[in-house]
Amino acid sequence: MDKYNCKVVSQNILAEGIYSLWVEAAELVKAAHSGQFVSVYTADPSRLLPRPISICDLDKEKGLLRLVYRVAGEGTRQMSCLTEGDIVDILGPLGNGYELKSEKPLLLGGGIGIPPMLRLAKELRESGVAKDELKVVLGYRDEAFLLEDFQEIATVYITSDTGSIGVKGNVLDGVREYGISTDMIFTCGPTPMLRAIKAYAEEKGIKAQLSLEERMACGIGACLACVCESKDIDDHSKVHNKRICKDGPVFYAEEVVL
C-alpha cells in the first residue's frame, strides 16, 4: 500500500452519472487484484478524506488501472472533471479481495457493485474457468453499462429495477428465472442485496463471498469508521466487529452479520 501520483489516460461517460477512468499506476497495479479498492484524493484542499473506489480492471502489461464509479457527491463530481494528462493522487491497493475458489462460479453485481465483478471475471477466466461455466448476473436500475465487456468473457444475464432490460427485479430474481446453479457465489452491491444473497446462500447450502459497501474515512483500518458486525471477535477492537476497509471488503457470508 502506497500513495501514487497517477496520470489520467482517459475518462468517459458510460451511463448517466457513471464514469470510466483509466490512469497510469504501474507499481500499484503490480500488487492489485480483484475485490480490492483504492482511495482517490481530490485536488480540493478542503476535502482531506479520499474517495474509496473499487478496482474495476487492471492492465498489468501497460500498468493501467481502471475505475468505474458513480457521481454521488462533491468528491466524485470533482473526479468526473479529470481529463487526459491530469495528475491524481491514489492510495492503494487496499483491503482483501476475492479468493478464486470455484469451478462453477456465479457473479452477482448490483448497481455500482457491477464494476469490481469485471476484474474478478477476468481473473477467473485466467485461472481456467471456461466462458460457459462463468455465469454473471448484472442488476441495473434501468440503463446498462460495461455489458459488452462482460459478454466478451462470460455468460451474462441481466435484470433491472424497471424491467426495461432483462428480467424485472433484482439479481436473485434473475438467478431463479434462469435456473442458474453454482458452487460459489461472488457478489458486490448494496447491503439489502447482500443480505438477501447471504440468506439465499445459506438456504441452498452454497458458499458466498460478499464485498461490503460502507462509507470510509482513513481506508487503512485505523479509525474504525467502517465496521460491520462479525461472528468472531476482532483482534484489533476486541469486539464482534470487522473493519471493512482492512479485514474486507470481501468476507465469506458466514463471517458477518448483515
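A residue counts as buried here when its relative accessible area is under 20%, and as exposed when that area is over 50%. Keep those cut-offs in mind as we walk through this structure, which is a predicted model.

Let's start with helix 6, residues 191–204. Its buried residues are Met193, Leu194, Ile197, Lys198, Tyr200 and Ala201. Look down the axis of helix 6 and these buried residues fall within an arc of 165°, so they line one face of the helix. Over on the other side of helix 6, you'll find Pro192, Glu202 and Glu203 exposed.

What do the buried residues of helix 6 pack against? Their partners are strand 8 (105–110), helix 5 (171–178), strand 12 (184–188), strand 13 (207–211) and strand 17 (256–257). Take helix 5 from that list: the axes of helix 5 and helix 6 come within 10 Å and cross at roughly 40°. Helix 5 brings Val171, Leu172, Val175 and Arg176 to this contact, while helix 6 brings Met193, Ala196, Ile197 and Tyr200. Sorted by class, the contact between helix 5 and helix 6 has 7 nonpolar residues, no polar ones and 1 charged one.

Now for the sheet. In general, the strands of a sheet pair through backbone hydrogen bonds, in either a parallel or an antiparallel way. In this model, 7 strands make an open sheet with the order 4-3-7-1-2-6-5, and the pairing is antiparallel. Why is one side of strand 4 and of strand 5 left without a neighbour in the sheet? Strand 4 (51–54) and strand 5 (57–59) stand at the edges and each has a single partner strand, so one side of each has no neighbour there. On average, neighbouring strands of this sheet are turned by 35° against each other, direction ignored. Helix 3 (residues 115–126) packs on the sheet, where it touches strand 4, strand 5 and strand 6 (64–70). The direction of helix 3 makes about 50° with that of strand 5.

Some of the pairings are worth a zoom. Strand 1 (residues 2–15) and strand 2 (residues 18–24) run antiparallel and are joined by 7 bridges; Val8 has Val23 of strand 2 as its bridge partner. Strand 3 (residues 37–40) is joined to strand 4 by 4 bridges, again running antiparallel, and here Val38 has Ile53 of strand 4 as its bridge partner. Strand 3 also pairs with strand 7 (residues 87–94) in the antiparallel sense, over 3 bridges, with Ile90 of strand 7 as the bridge partner of Val40.

In a regular strand, side chains alternate between the two faces of the sheet. For strand 3, both faces are covered: Phe37 and Ser39 are buried on one side, and Val38 and Val40 are buried on the other.

One last stop is Val129, which sits in the loop between helix 3 and strand 9 (135–140). Is Val129 buried or exposed? It has a relative accessible area of 7%, so Val129 is buried. Setting aside neighbours within four places in sequence, Val129 is in contact with Ser102, Glu103, Pro105, Leu124 and Leu134. Val129 and Ala154 are 25 residues apart in sequence, with their C-alpha atoms 9.6 Å apart in space.

Note on methods: Residues numbered from 1 in each chain as written. Predicted model: local features only at pLDDT ≥ 70, side-chain atom pairs only at ≥ 80, totals over all residues. Heavy atoms only, no water. Pairing = 2+ DSSP bridges. Helix = DSSP H or I, 4+ residues; strand = E, 2+ residues; numbered from the N terminus. Axes fitted to C-alpha atoms, helices over the stretch in contact; angles between N-to-C directions. Contact = heavy atoms within 4.5 Å. Buried < 20%, exposed > 50% of the residue type's maximum accessible area, 1.4 Å probe, protein only. Arc of directions from axis to C-beta. Nonpolar A, V, L, I, M, F, W, Y, C, P; charged D, E, K, R; others polar.
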